[in-house]
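Good morning, and thank you for making time for this presentation. Please bring up the sequence and the structure, and I shall take you through selected features in turn.

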Amino acid sequence: MFPSLYISHGSPMLALEPGASGPALARLADDIAKPKAVLIVSAHWESNELLVSGNPQPETWHDFGGFPRTLFDVQYPAPGDPLLAADVVTLLKAADLPARLDTKRPFDHGVWVPLTLMYPQADIPVVQVSLPTRGGPALQTRVGHALASLREQGVLLIGSGSITHNLRELDWHAGPESVEPWAKSFRDWMIEKLAANDEAALHDYRQQAPNAVRNHPSDEHLLPLYFARGAGGEFSIAHQGFTMGALGMDIYRFG
């Protein structure tokens, strides 16, 4: 059975400057049998309702600005999988989670940035599920539960975000050894609760975790973690680290 993963995708520049995360993602891909498809929840597809990408050939969307021209030249031409997308809609509806297909959705950078480092050949079909942020952690846990059976069918489930994500407080010149205590304390609390399988505390992280709002002024980058946890099994850490002082780059494995 395949695991589910939570990947902190960091800055879009990760695709060109992979640092320690690139080798960690490559090792993780080598450790897992090649999946028949990837199903991913990205922090960058916020929505009001549950949507599933049914685009047979999604374009690579450079959904950002202010980066070098070379980053805009990066393409990730993996195919979609409309049949899998239809199955995902069916599974969600069976769990009383109404969903519908979006046949035009491109790959946002929360999808293609980590996948360029895991599966650079772009030969594995990829389907996205949107992120209804107003539903909070509990909804993402339910979505993960509803789609967990896909792991037995050769599908790799991924939540793509960042374990900490306050862009206004980043030091763009800081090295990997420089870590803000307020970011580390939050990351460490999350690991503690994940290891203890304390779902009640995890769902209430904004009240219970240290410096929660400082680390996540909005929580779209943390919510994919709950999808991965809901879909997966036993928690383990595949990679830990920070960049720019306070941007967590952790990668977690469930199962």
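Are phenylalanine 64 and tryptophan 112 buried or exposed? In this model, which is a predicted one, phenylalanine 64 is buried, and tryptophan 112 is buried as well. Before I describe how these two rings are arranged, let me place them among the other aromatic pairs.

The count of aromatic pairs comes to 9. One of them joins tyrosine 6 and tyrosine 252: the ring centres are 6.0 Å apart and the planes stand at 35 degrees, so this pair is classed as tilted. The two tyrosines come from distant parts of the chain, with tyrosine 6 in strand β1, residues 4-8, and tyrosine 252 in strand β10, residues 251-254, a separation of 246 residues. Tyrosine 6 has a relative accessible area of 0% and is therefore buried. For tyrosine 252 the relative accessible area is likewise 0%, and that residue is buried too.

I return now to phenylalanine 64 and tryptophan 112. Their ring centres lie 6.2 Å apart with the planes at 50 degrees, so this pair is also tilted. Phenylalanine 64 sits in the loop between β3 (50-53) and α2 (69-72), whereas tryptophan 112 belongs to helix α4, residues 109-118; the pair therefore ties together parts that are 48 residues apart in sequence.

On the aromatic side there is one further point. Tyr6 and Tyr252 belong to one aromatic cluster together with Phe235 and Phe254.

Tryptophan 112 leads us to its helix. How many of the residues of α4 are buried? The number is 10 of 10, so α4 is largely enclosed by the rest of the structure. The buried residues include His109, Trp112, Pro114 and Met118. As for their surroundings, the buried residues of α4 pack against β1, α1 (21-31), β2 (37-46), α2, β5 (126-131) and β6 (155-161). At the start of α4, a side-chain oxygen of aspartate 108 comes to within 2.9 Å of the backbone nitrogen of glycine 110.

I turn next to helix packing. Two packed helices are described by the angle between their axes and the distance between the axes. Consider helix α3, residues 82-94, and helix α5, residues 136-147: their axes come within 9 Å and cross at roughly 115 degrees. The crossing of α3 and α5 is right-handed. Which residues meet there? From α3 they are Val88, Leu91 and Leu92, and from α5 they are Val143, Ala146 and Leu147. The residues of this contact divide into 6 nonpolar, no polar and no charged.

Helix α5 also packs against helix α10, residues 223-231, at an angle of about 35 degrees and with the axes 7 Å apart. The crossing of α5 and α10 is right-handed. Among the residues making the contact are Gln140, Thr141, Val143 and His145 of α5, and Tyr226, Phe227 and Arg229 of α10. The composition of the contact of α5 with α10 is 7 nonpolar, 6 polar and 1 charged.

Let me move to the backbone. Most residues other than glycine have a negative phi. Aspartate 96, however, has a positive phi, near 60 degrees. This aspartate lies in the loop between α3 and β4 (99-102), and its relative accessible area of 61% makes it exposed. Asparagine 211 also has a positive phi, near 55 degrees. Asparagine 211 is located in the loop between α8 (205-208) and α9 (212-215) and is partly exposed, with a relative accessible area of 34%.

Asparagine 166, in the loop between β6 and α6 (181-195), is buried, with a relative accessible area of 9%. A polar atom of the side chain of asparagine 166 lies 3.2 Å from the backbone nitrogen of arginine 168. Leaving aside residues up to four places away in sequence, asparagine 166 touches Trp182, Arg214, Asn215 and Pro217.

At 45% relative accessibility, glycine 255 counts as partly exposed. Again not counting residues up to four places away in sequence, glycine 255 touches Pro3, Arg151, Gly233 and Glu234. From C-alpha to C-alpha, glycine 255 and leucine 225 are 14 Å apart in space, and they are 30 residues apart in sequence.

Thank you; I am glad to take questions.

Methods
Residues numbered from 1 in each chain as written. Predicted model: local features only at pLDDT ≥ 70, side-chain atom pairs only at ≥ 80, totals over all residues. Heavy atoms only, no water. Axes fitted to C-alpha atoms, helices over the stretch in contact; angles between N-to-C directions. Helix = DSSP H or I, 4+ residues; strand = E, 2+ residues; numbered from the N terminus. Left-handed = near helix turned anticlockwise from the far one by under 90°. Contact = heavy atoms within 4.5 Å. Nonpolar A, V, L, I, M, F, W, Y, C, P; charged D, E, K, R; others polar. Phe/Tyr/Trp six-rings, centres within 6.5 Å; stacked < 30°, edge-to-face > 60°. Buried < 20%, exposed > 50% of the residue type's maximum accessible area, 1.4 Å probe, protein only. Polar contact = N/O pair within 3.5 Å; in protein donor to acceptor, adjacent residues only side chain to side chain.
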